[in-house]
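Morning, everyone. I have one model to walk through, and I'll keep it short. Please have a look at it first.

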Amino acid sequence: MEILTDIRVMQQVADEHRAAGRTIALVPTMGFFHEGHLSLMRLGRARGDLLVVSLFVNPTQFGPGEDFKEYPRDLDRDLRLAAEVGVDLIFEPSVEAMYPPGFQTFVTVEEVTRGLCGAARPGHFRGVATVVAKLFHIVKPHVAIFGEKDYQQLVTIRRMVRDLNLDIEVVGHPIVREPDGLALSSRNLYLSPAERVSARSLSQALERAKALYRAGERQAAVLAAEARGVIEAQPHTRVDYVAVCDRETLEPLDEVKEGAVVALAVFVGRARLIDNCLLP
Ligand code: AMP
């Protein structure tokens, strides 16, 4: 497995592989790998001749007072795990290389980033879209793989790719969960044992919404309130939002007619966790 930190070298390597007719698959990550990341990499392995994983904790997607500094990092472990799943190349640039002095160009995806996490974390998706656009120009992938866990991020990237005519196939991967339903996340590390128990309520809330939907409930307010109730019944939880939205525009719905996404964000202790599910 090759490890590159230099942007220019990464671009040259990408050019060589493209010239040789190889398909490049990219999995962008912030590291501290868990089974969710590894599943994306396995899909990338199947989709590309050259599998590149970028590892970059992107400061521009963290707000003031958020966890950029204490975000978990373990490069040695990440390199070992990536090598085990057959990653060809790790791209791990420095913050200084990605954002040199004078940097002032950002990508803003408008409507789909207004609600949900975009409302709670101003500037977050501007940071995400900007770093992903940069990674696309550095790694030059044919295919890029993102988890459905960060549903609004996936919608934002798809929108950016369409709007800017980027010649890249964006592939979503289903959410990978613990046996008790908790979506895997690097931030689960922040949970105390008692908070970890309460965190089960996020996926349970989504299951509750799905069950009601299957039973014929179509009022978004009822689905959201029931889901919220499941979470609020647990200690250590503080709901940021529970929303029932259109799957593509992310506009809030009154009534679910042609499917929806139920998305939620909840503080459990100091960890801000997100999860979602689709209503078919
Ligand atoms: P992160 O390192 O948290 O930025 O995540 C890197 C990629 O892994 C993103 O596309 C995430 O959506 C995806 N991801 C993170 N957790 C999961 C999970 N539990 N299931 C599926 N994908 C995930």
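Two notes on method. This is a predicted model, where local features need pLDDT of at least 70, side-chain atom pairs count only at pLDDT 80 or more, and totals for chains, interfaces and linings use all residues. Residues are numbered from 1 along each chain as its sequence is written, and side-chain values use heavy atoms, with hydrogens and water left out.

Ligand first. Which residues come nearest to it? Of the 17 residues around the ligand, those are His37, Gly147, Asp150, Val176 and Leu184. A residue counts as near if one of its heavy atoms lies within 4 Å. Where does the shell come from? β2 (24-29), α2 (35-47) and β5 (143-147) each supply at least two residues. The largest share, three residues, comes from α2. Helices here are DSSP runs of H or I with at least four residues, strands are E runs of at least two, and both are numbered from the N terminus.

Now the polar contacts, meaning pairs of N or O atoms within 3.5 Å; within protein, one must be able to donate a hydrogen and the other to accept it, and residues adjacent in sequence count only if both atoms are side-chain atoms. A backbone N or O atom of methionine 30 sits 2.9 Å from a ligand oxygen. For glycine 147, a backbone N or O atom is likewise 2.9 Å from an oxygen atom of the ligand. Valine 176 has a polar backbone atom 2.8 Å from a ligand nitrogen. How much of the ligand's accessible area does the protein cover? It covers 93% of the 480 Å² that the ligand has on its own. Areas are Shrake-Rupley with a 1.4 Å probe; for residues, only the protein chains shown count as cover.

Next, rings. Phe, Tyr and Trp rings (the six-membered one for Trp) pair if their centres lie within 6.5 Å; planes under 30 degrees apart are stacked, over 60 edge-to-face, the rest tilted. The count is six aromatic pairs. Phenylalanine 56 and tyrosine 99 make a tilted one, 6.3 Å centre to centre, with 35° between the planes. Phenylalanine 56 is in the loop between β3 (50-55) and α3 (75-84), and tyrosine 99 in the loop between α4 (95-98) and α5 (116-120), so this pair ties together parts 43 residues apart in sequence. Both residues are buried. Buried means under 20% relative accessible area, exposed over 50%, partly exposed in between, with a 1.4 Å probe and protein chains only.

Phe56 and Tyr99 also belong to a cluster, linked by ring pairs with Phe103 and Phe106. Arginine 126 lies over the face of phenylalanine 106, 3.7 Å from the ring centre. The rule there is NZ of Lys or CZ of Arg within 6 Å of the ring centre and within 35 degrees of the ring normal. Arginine 73 does this with phenylalanine 68, at 5.2 Å.

Cysteines. How many disulfides, taking sulfur pairs within 2.5 Å? The cysteine sulfur nearest to that of cysteine 117 belongs to cysteine 245, 11 Å away. Cysteine 117 is buried, at 6% relative accessibility. For cysteine 277, the nearest is again cysteine 245, at 12 Å. Cysteine 277 is buried too, at 7%.

Last, alanine 233. Its place is the loop between α10 (220-232) and β7 (237-245).

Terms used: Disulfide = S-S within 2.5 Å.
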